[in-house]
There are 2 protein chains.
Amino acid sequence: MNEAIDLISEKKKVFAILPAAGTGERTGLKTPKQFCEIAGYPLILHSLWNFQRPWIAETVVAVSEDWLPYLQDLIKLYRIQNVHLVVGGQTRHQSIKICVQYVRERVQNARCNASDVIVIVHDAVRPFVAEETLQRIAEAAHKQGAAGVVCPLVSTTLATQEDGILDYSLVRSKHCNSHTPQAFSYQTIVTAYDKISKHDLDHGTEVLHLALEYAGVRAKLLETKDEVWKVTYRRDICAAEQFARERLARLAILSDQTGNDVIGVLEEQVKKKRLTLLSKCSSLTTLPSGVNAVIVIADAPTTDQCLLDVATVLERLKQQLHPLKGSLTLLVTVPTEEKMVRDDLMTRFRELRLDQRCRDICVYCVILETKSSPVEKERMERACELTANLVVRQDELMSGQTFIV
Amino acid sequence: MNEAIDLISEKKKVFAILPAAGTGERTGLKTPKQFCEIAGYPLILHSLWNFQRPWIAETVVAVSEDWLPYLQDLIKLYRIQNVHLVVGGQTRHQSIKICVQYVRERVQNARCNASDVIVIVHDAVRPFVAEETLQRIAEAAHKQGAAGVVCPLVSTTLATQEDGILDYSLVRSKHCNSHTPQAFSYQTIVTAYDKISKHDLDHGTEVLHLALEYAGVRAKLLETKDEVWKVTYRRDICAAEQFARERLARLAILSDQTGNDVIGVLEEQVKKKRLTLLSKCSSLTTLPSGVNAVIVIADAPTTDQCLLDVATVLERLKQQLHPLKGSLTLLVTVPTEEKMVRDDLMTRFRELRLDQRCRDICVYCVILETKSSPVEKERMERACELTANLVVRQDELMSGQTFIV
C-alpha cells in the first residue's frame, strides 16, 4: 500500500476525465443517459461523487453545450468540489481530447513535474466504481504508462462478414471486455491525442488503442469484480436503481431501549438488504453526521414521546441533508387494544408527509402490534424486513403511510 | 409471414434444446442461477414458458443429476407440456450433445423428414426471449443451415497477451456479441456434434463455431433488440426481477361504475408501469381466464358490498391460478368522516392475508379519502400510481396492508 499512500500524499497529481457530452441520440431517449434520474439523483452525480477524493486533484467533465448550464447548476447545488467543465465534441475521442488539452494547460501552469501526473479516464455512465479500483488503475498506469480494467467475456465475440454472415468466432479465453476506469501517464495520453488520426478521432472509442497506436504503450489490463458496468439499456437502469439505493443509504438506528429484541432482528434485516449501518445510538445527541436514513425504535403506549422524537430527528435530518434526500421510519410497538395510539400515528404521519418543511424526507410508520408479550418472532421479523425494505426503496409514494404488522 | 405460418402448420418440426446442467460453481452460488427465484418462480420456469408454443414440438432440457428430481417436480406442478429431461454433461457442449442425440432418436423413430427439422438452442438463463425472435431464428436456420441472434458490442473486445498486457483491440463495427437463441438445420447440428473434437467438447461454448468448423455452415447473424441478455451477475438478477414482474402481470380492472374518473387515471398508470391490461369488466361473470391480478374499484360508504366483491374475486383467482401466484387490490373511495369503514377495511384485509385459503395471493387495500367531491386530480393520481406499483411488485411483505391516500 506504499503506492496508495504515495498517491494520497500528492507526490503524484491525479486528474480524472469524464466524457459526458453524448446527446442520447443513439438510445433515442429525450434525456441523455448520464442525466437520467437514478435513485433520486441524475446518474452523472453518482459518478461525480466517486471522484470526490482527496487524492484526485481535479475532475474534468466534457458536456454538450445544451447541458452545460444544467450541469453547472447541479455541481453548485450539490457542492461538488474540484470539478471543471468543458464543452465536449461530437465524439468520445473529440471530447476527451478537449479535456486532455485542459489538463495540459493546468500541468504547464502549475509547473508540476509531468512525470508525476496520472490521468484517469472514466465514463459518466459507470456510476459504481470503487475508490480501490481507481487507485489500482492509477498505480498501474504509473508503472506501465497505460492501464484499463477488464472483465471476462460473458458471451462470445463474433467477427462478421459484411452481409451479416459469421466470419469466425473468437476464442473466449484469449479475449476480454474493456471497461473503464482507464489511466494513463501524462506523456502517454498527451502523445496519443496529439497524434490521433482524423479517422480514429471521429470513429474510435478505445483510448487503450490510441495509447498503443500513437504512443507505443501496451496497457496493463486489470481484471476486476468491481461494478464497473455501463448503464446502456433499460435493464441497466433497473439494476442501477437498486444498486444506487443500497449504496446511498447511510443508516442510523435510534433507540433508548437497551436489550430490545427488535434491534437485533432489525440489524439482521439491514445487513441482508446490504444497507450501511453507520450507527446505533440511544440519544439524538450522538446521531452522527452523514446519516440520511434514521429508524427510530420506540415502545409507546402513548404517542407523545415518539412523535417528539420523530419531530426532532426530522428537524436534524432536514438541516443536515439539504439538498440530499433521506428517510425516517418509526418502528413502534403498540398493544393491540390501543386503537387511539394507532389512529394518532396514522394521522400524524400523513400530516408529516404533507408538511412542506419535510419535503425530500420520506416518512414511514411501522406498527408492530403486541397481543401478547413477547411478540412472536415471525411477526417481529416481518416488521423488521418491511422496515428495511422501506429504507432501501425510499419510495416517495409510500411516504406518510402507516403499516401494521 | 408465409414462413411463420409454415412453422405453425408443422410442416417443419421444431425442437428446442435448453442446456441447464450447470452447477453454479463458477458463480459461487449455492443454488445454480437457473433455479434461483425470480419474481416468485425459479428462473428456468420463465424460460420454459417461452417455449410453450404450438409450433415447438418438444423442449429438451439437460439438467444435472442432482437437480433432476427438482425439475421433474417443477414441470409436473406447473404443467409444462412437451418437455423431455436428460441428464447433462460436465460442459455446455457435452450437455447439448446429449440433447442432440435424443432429438436424433426422436426424428428417426418418428420417421419424419430430417430436412424439415429445425433445432433451436437457447440458454435457460435468458428468460425473456420473445416468440417472434424464436420464429425469426428458426426461419433463418431453415434457409441458411445455422443462425444466431447478435447484439452490438457495448464495450470493446480486447485481445490479451498472456501476462495481462494488451495485445490489440478489436474494431467494434466488425464484431458483435453472440447470444441465444440460435437455430440449426437437423443436418448441421447432428454433423457438428458427431465430429466435435475432444478439446471443443470440453472447453468450447459456441455452437455457431461448431457449425462452421465441423459442418462447414456459416451462420446467419440476426441483430435483435429483444431482451435476450443472459442472467449472469447480481445486477442481471435485479433487472430480471423487474422485467419478470412486468411481464407476468395479466391484469383485469373490475368496476361497476361507468364513467368513473378513477378508471381513466388508473389505466394511464397501468400503461406507464408496462402492465398488460387484459380486461376491464363491470361484472365478475365477464372476468376472463388467465388473469392473475385484479384491481377492484369501488365507491363504498359501507364495506359490505366491496368486501363481498373482494371475497368472490379471491375465490375465483384462487381456483384459476393454483399453483401460480397473483394479487388482488381494492381501490376504494371513502369519505373522510367514515372512520368505521376505514377501520373495517384495515381489519378485514389483515385477516385476508392470514387466511390460509388465500396463500399465494397478495391482497392490498388502497383507500382514496374524499374530503370534497370531486377528488383532487393529484391525489387520485397518487392513489392510482400506488395501486399500479403494488400490482407490479406483488410484494408479499406489503400484503394485508391498507394504504390511505
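Predicted model: local features only at pLDDT ≥ 70, side-chain atom pairs only at ≥ 80, totals over all residues.

Trainee: Okay, how many residues of chain B are in contact with chain A?

Mentor: Go by that cut-off, heavy atoms within 4.5 Å. On the chain A side, 72 residues take part. For chain B, the number in contact is 72 residues.

Trainee: And how much area do chain B and chain A bury between them?

Mentor: The figure is summed over both parts. Carbon and sulfur atoms carry 50% of it. The total that chain B and chain A bury is about 6,400 Å².

Trainee: What about charges: which residue of chain A forms a salt bridge with Glu369(B)?

Mentor: Between chain B and chain A the count is 14 salt bridges. In the one with Glu369(B), the closest N and O atoms are 3.2 Å apart. The partner of Glu369(B) is Arg350(A).

Trainee: Which helix of chain B gives the most to the side that touches chain A?

Mentor: That side of chain B divides into 27 nonpolar, 20 polar and 25 charged residues. The helix giving the most puts in seven residues. It spans residues 234-248 of chain B, and its name is helix 9.

Trainee: Now inside chain A: how far apart are the centres of domain 1 and domain 2?

Mentor: Chain A is divided into domain 1, covering 2-242, and domain 2, covering 249-404. The centres are taken over C-alpha atoms. For these two domains of chain A, the separation is 40 Å.

Trainee: How many salt bridges does the rule find across the interface of domain 1 and domain 2 of chain A?

Mentor: Seven residues of domain 1 are in contact with five residues of domain 2 in chain A. The two domains bury about 470 Å² between them, 56% of it on carbon and sulfur atoms. Two residue pairs are in polar contact there, both residues at pLDDT 80 or more. As for salt bridges between these domains of chain A, the count is zero.

Conventions. Residues numbered from 1 in each chain as written. Chains lettered and ligands numbered in written order. Heavy atoms only, no water. Buried area = accessible area lost by both parts, 1.4 Å probe. Salt bridge = Lys/Arg side-chain N within 4 Å of Asp/Glu carboxyl O. Helix = DSSP H or I, 4+ residues; strand = E, 2+ residues; numbered from the N terminus. Nonpolar A, V, L, I, M, F, W, Y, C, P; charged D, E, K, R; others polar. Domains from an automatic or database assignment. Polar contact = N/O pair within 3.5 Å; in protein donor to acceptor, adjacent residues only side chain to side chain.
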